[in-house]
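Reader: I am new to this structure and would like to be walked through it. Could we begin once it is on display?

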Amino acid sequence: MRIAPIVALGLLALAGCTPSAQMQASEQAEAAKDLADVLGDRTPGTPRDCISVSDSEGPQIIDDHTIIYKPVGRTLWRNDLASACPGLRPYTTLIVEVHGSQICRNDRFRAIDPGASIPGPYCMFGKFTPYEKAK
């Protein structure tokens, strides 16, 4: 029977495409370090549903669950997505559907890789947690 070797080759090829546990652990450790570096000694406040677009210099993607909006003033905004956003990783660009002057919980966005022309699936923002510098 020749089917078994073909199936085995196919499974071997697919195994090469899945990220290893070691690689995933490395990416998670790097994301945790990046988040700690960004937050520093800031303290979290009460989460909000919306933030003003003009209060931020734009997003910094930490991982597929976490986006940081860097402040123009003292407040940094952390957004923890309700579920993972496929394709969301550092250095991707966000295409955000802004309605008015605020970005709000459940607003939709898409991630696009540098040099790509087709964005990923729609994802939704979670609540925005403010982080303030110590006075």
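Predicted model: local features only at pLDDT ≥ 70, side-chain atom pairs only at ≥ 80, totals over all residues.

Reader: How many disulfides does a search of the whole structure find?

Author: The search finds two. A disulfide here is a pair of cysteine sulfur atoms within 2.5 Å. Counting bonded cysteines along the chain, the pattern is 1-3, 2-4.

Reader: Which residue forms a disulfide with Cys 50?

Author: The partner is Cys 104, and the two sulfur atoms are 1.9 Å apart. Cys 50 belongs to strand S2 (residues 50–52) and Cys 104 to strand S7 (residues 102–104), so the pair ties together parts that are 54 residues apart in sequence. Strands are DSSP runs (E, at least two residues), numbered from the N terminus. The link of Cys 50 and Cys 104 is right-handed, with 110 degrees about the S-S bond.

Reader: Is Cys 104 buried or exposed?

Author: Cys 104 is buried, at a relative accessible area of 17%, while Cys 50 is partly exposed, at 23%. Buried means under 20% relative accessible area, exposed over 50%, and partly exposed in between (1.4 Å probe, protein chains only).

Reader: And what does Cys 85 bond with?

Author: Cys 85 forms a disulfide with Cys 123, their sulfur atoms 1.9 Å apart. Cys 85 lies in the loop between strand S5 (75–80) and strand S6 (93–96), and Cys 123 lies in strand S9 (residues 123–124), so this pair ties together parts that are 38 residues apart in sequence. Both Cys 85 and Cys 123 are buried.

Reader: Changing topic, in what order do the strands of the open sheet come?

Author: Five strands form it in the order S1-S10-S5-S4-S3, with antiparallel pairing. Strands S1 (43–44) and S3 (56–61) stand at the edges with a single partner strand each, so one side of each has no neighbour in the sheet. Two strands pair if DSSP finds at least two bridges between them.

Reader: How many bridges join S5 to S10?

Author: Five bridges join S5 to strand S10 (residues 128–132). Trp 77 stands opposite Pro 130 in S10.

Reader: What about S8 and S9?

Author: S8 and S9 pair in the antiparallel sense over two bridges. Cys 123 in S9 is the bridge partner of Phe 109.

Key: Residues numbered from 1 in each chain as written. Heavy atoms only, no water. Helix = DSSP H or I, 4+ residues; strand = E, 2+ residues; numbered from the N terminus.
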